[in-house]
Every structure is written in structure tokens, then in C-alpha cells.
Amino acid sequence: MFYPKQRTFFMLIMITAAALLGGCTTDQSPEKQQAAAVGTGESSELKDAPNFTLKTMDNSPFTLSDHKGKVVVLNVWATWCPPCRKEIPDFIEIQKKMRDEGVLFVGVSVDKEGWEVVRPFAKEYGINYPLVVDDGTVRQKYGPLRGIPTTFIINKKGKVEYVAPGMINREALQPALEEIARR
């Protein structure tokens, strides 16, 4: 049995360990890469999630700040990245289960070919959450990224609560989302 602060600490360790299991590198040089920051869950210590607007697959705008009041899982990924491909089925499943609890996944593709490769990929995988293609905005505002995938969990107040570099699985992610969604 964990006390609330112990449970939060334990979940942070689980998320960080799961995230460090693997990831694809980005086109950034090693000297620009830095370790991911992991929030403590204390809102006074957390940074505001940088706002952005990008187009979704149906060409409608997706603006992050429009989703304040929800827990947003912002996943930076690419179609060519094996760990990214592996975590997407878990994201689809968690999105189905937690949509009514105010959890929203958003996939930010960094594919240079853009929608040409993302659209068929999304259809093949049956992705049930919004996807956007980064024009450099997200990488600039949220980077430098150590690699992809990188997942940011943004709480209902619009604060970045956790950053998970590398692949993250359902066993690590879902309990953290359940706790954040209850707050």
C-alpha cells in the first residue's frame, strides 16, 4: 500500500523507466539533446504547456489551449519509428477507455513527408485521436527533444506534468492518467 505522495513518486519512476526502454533518435545533434524533465505533480512547480495550432487530417485547426480542462497526452512520433509504432495500439486502447474521463491523446508527427505518409498510416492503424503534422513549431516549443517518441502529459490546468522520453506502455501510462484525471 502506498501513501498518496509515495504513489506519485512510484508512478514517476515507472513512467521514467518505461520511457527509457527505447526510442528513435531525432535529427538533433547530441550536444543539443538534454535529459527529459519530469514534473513532480505539484502544480506550483510545473511549467505551462506551450500553446500551438496545427492542422489535423481533415484540415481543421487543432489548438492545444482549446483543450484546457482535459488531460492531454501529447505524443511526438513518426511513422518510420519502431517504438512509436509499438506504443500506438496502447494509446488507441487508453483513448477508448478514458475519453469520457477527459483524457485526450494528440499525435504530433515529425515525418518530413507530412500527410502523404501519415494519412495512410493512421488509416492502417485505426488511430482514434487527433493527429497533426509538426511544421517545426512543437519541436521548437517543447524541445530540444532527446529522441522520439517523446510523450508529454499535460494536466487539466494546462501544465506539463510529466515528460516521458522513449516508448511508454499502457501499464506505466494508464495509472498515471487515471490519477491525473481524478484531480
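Me: What is the mean pLDDT of the chain, and how many residues reach 70 or more?

Reply: Start with the general idea: this is a predicted model, and pLDDT is the predictor's confidence in each residue. Here the chain has a mean pLDDT of 83. Of its residues, 76% reach 70 or more.

Me: Where does pLDDT stay under 50?

Reply: One stretch is residues 12–22. The model has 24 contacts beyond four places in sequence for that stretch. Another is residues 26–43, with 37 such contacts in the model.

Me: Now a single residue. Is Thr 79 buried or exposed?

Reply: The general idea is a cut-off: buried means under 20% relative accessible area. Thr 79 has 8% relative accessibility, so Thr 79 counts as buried. Thr 79 sits in the loop between β4 (71–77) and α2 (82–98).

Me: Which residues does Thr 79 touch, leaving out those up to four places away in sequence?

Reply: Thr 79 touches Arg 85, Asp 111, Val 117, Val 118 and Phe 121.

Me: On to the rings. How many aromatic pairs does the structure hold?

Reply: Seven aromatic pairs. One of them joins Phe 52 and Phe 62, with 6.2 Å centre to centre and 35° between the planes. That pair is tilted.

Me: Where in the chain are Phe 52 and Phe 62?

Reply: The pair links distant parts of the chain, ten residues apart. Phe 52 is in the loop between β1 (47–48) and β2 (53–55). Phe 62 is in strand β3 (residues 61–63).

Me: Why is the pair of Phe 105 and Tyr 129 tilted?

Reply: In general, planes under 30 degrees apart count as stacked, over 60 as edge-to-face and the rest as tilted. The planes of Phe 105 and Tyr 129 are at 40°, so this pair is tilted. Their ring centres are 5.8 Å apart. The two residues are 24 residues apart: Phe 105 in strand β5 (residues 103–109), Tyr 129 in the loop between α3 (115–125) and β6 (131–133). Phe 105 is buried, at 0% relative accessible area. Tyr 129 counts as buried too, at 7%.

Me: Which residues form one aromatic cluster with Phe 52?

Reply: Phe 62, Tyr 142 and Phe 152.

Technical notes
Residues are numbered from 1 along each chain as its sequence is written. This is a predicted model: local features need pLDDT of at least 70, side-chain atom pairs count only at pLDDT 80 or more; totals for chains, interfaces and linings use all residues. Side-chain values use heavy atoms; hydrogens and water are left out. pLDDT is the predictor's confidence in each residue, from 0 to 100. Contact means heavy atoms within 4.5 Å. Helices (H or I, at least four residues) and strands (E, at least two) are DSSP runs, numbered from the N terminus. Buried means under 20% relative accessible area, exposed over 50%, partly exposed in between (1.4 Å probe, protein chains only). Rings of Phe, Tyr and Trp (its six-membered ring) pair if their centres lie within 6.5 Å; planes under 30 degrees apart count as stacked, over 60 as edge-to-face and the rest as tilted.
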